[in-house]
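Colleague: I would like a close look at one part of this model: the ligand site. Please take me through it.

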Amino acid sequence: MTDATDKVLQHGALQDMVARILAAAGSSTDEAQQVAANLVLANLSGHDSHGVGMLPRYLDAVRESGLVPNTRTRTTLDIGSMLALDGQRGYGQVVGAEAMAMGIERAKKHGSCIMTLGNAHHLGRIGHFAEMAVAQGLVSLHFVNVLSRPIVAPWGGADGRFGTNPCCIGIPLAGRAPFVLDFATSRVAQGKMRVAFNKGEQVAPGTLIDEFGKPTTNPGVVVEPQSNGLLGALLTFGEYKGYGMAVACELLGGALSGGGTWHHPPDTSARAVVNGMLTILIDPAHLGTQERFEQEAAAFVNWLQDGPVAPGTASVLLAGDPERAARVKRAQQGIAIDGQTWTELVAAGATVGVHLAD
Ligand code: NAD
């Protein structure tokens, strides 16, 4: 939905604009285009929280040297089907794609690959990486932690202790679009709170606690320090089960990758967002189950979608369907940028000498 203060741009124009700003902030032309394309694809996919609205924060992180333009991964271990990589604080959109290309190549060769990537700057939409793998016929599992500020409360806790730790599973489906389940383990992504706050909206009950640990629907409690100087926190999805998934993402994406876990009070001044990711890639062709996998997967998905539909629901969807539908719609209708985000983009561009027309 758009309102009067939204600015609507076609995705190509938005990408060019973002690439110009990134290049002015020190990225090579190729890097600027790759990061811009990834951010705009997140907007196209309906995930504005991981789209071009991140750009001002990235520029701040570059200025603080928490994000280093034109950086590639460093391989710290390579034994064929196991890879350990250090993202060296490069743009996650770049080092993440580079790491995935290496992992995919290994999984194709050996049948599987376990790949860790530590110390990457913000990887953005994790589904992007699963989409790279399923496009090659591979199953792809991702467990990610977020080192930025502890914004999600543990089950039973009253303040934030870890990040929104996303988890993602991509499964190719023969003859139809893939299953791409990609979610934050918080009930909603933190960026969606920023978007809601910018729009002056309240959020659903059960999403947030305030700076005193009490339930609230005000997204501002996780966007700016409150009366006592503290932030509130997001809650995990699925109560203690989602909390368990979040901890698994921290232990696998943060500890196992060597990138590090969160275990200290927040540093509210630091703007960098650092991700660690464990990725497991499986080639069904090597596993010897390809034919049966394809038949059984298709039978199950058909079974799901042949069932009755709940009142008020148009159809039973598969994970990945909403993003694909959003891409079709937004490619036609353009991407709406809310007024606050646009103001922030204009200001960010000006800091590197790019002046956007209003
Ligand atoms: P979400 O709640 O919008 O969607 C999560 C998943 O649910 C998607 O796979 C979607 O296809 C599926 N889905 C949605 N509606 C459905 C329906 N009706 N039927 C079946 N499936 C459906 O996502 P989110 O939790 O807000 O996460 C948004 C993005 O934020 C993700 O891309 C995630 O990777 C990203 N993220 C990144 C970081 C980071 O640090 N890099 C941190 C947190 C989240």
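Which helix and which strand each supply at least two residues of the shell around the ligand?

Modeller: Keep in mind that this is a predicted model. The two elements are β7 (176–183) and α10 (321–333); each supplies at least two residues of the shell. β7 gives the largest share, four residues.

Now the shell as a whole. The ligand is surrounded by 22 residues. Arg-125, Asp-182, Lys-192, Gly-320 and Glu-323 are the closest. By class, eleven residues of the shell are nonpolar, seven are polar and four are charged.

Next, the domains. Domain 1 (1–63 + 323–358) and domain 2 (72–186 + 236–306) both contribute residues to the shell, so the ligand lies between them. The space that the ligand takes is the largest pocket.

Asp-182 places a polar side-chain atom 2.4 Å from an oxygen atom of the ligand. For Glu-323, an N or O atom of the side chain is 2.7 Å from a ligand oxygen atom. His-50 has a polar side-chain atom 3.1 Å from a nitrogen atom of the ligand.

Last, burial. The ligand taken alone exposes 870 Å². Of that area, the protein buries 78%.

Terms used: Residues numbered from 1 in each chain as written. Predicted model: local features only at pLDDT ≥ 70, side-chain atom pairs only at ≥ 80, totals over all residues. Heavy atoms only, no water. Near = heavy atom within 4 Å. Polar contact = N/O pair within 3.5 Å; in protein donor to acceptor, adjacent residues only side chain to side chain. Areas by Shrake-Rupley, 256 points an atom, 1.4 Å probe, with all protein chains shown as cover. 1 Å grid on protein atoms, 1.4 Å probe; cavity = no way out; pocket = protein on both sides within 12 Å on 5 of 7 lines; lining within 4 Å. Sits in = over half its atoms within 2 Å of the grid points. Nonpolar A, V, L, I, M, F, W, Y, C, P; charged D, E, K, R; others polar. Domains from an automatic or database assignment.
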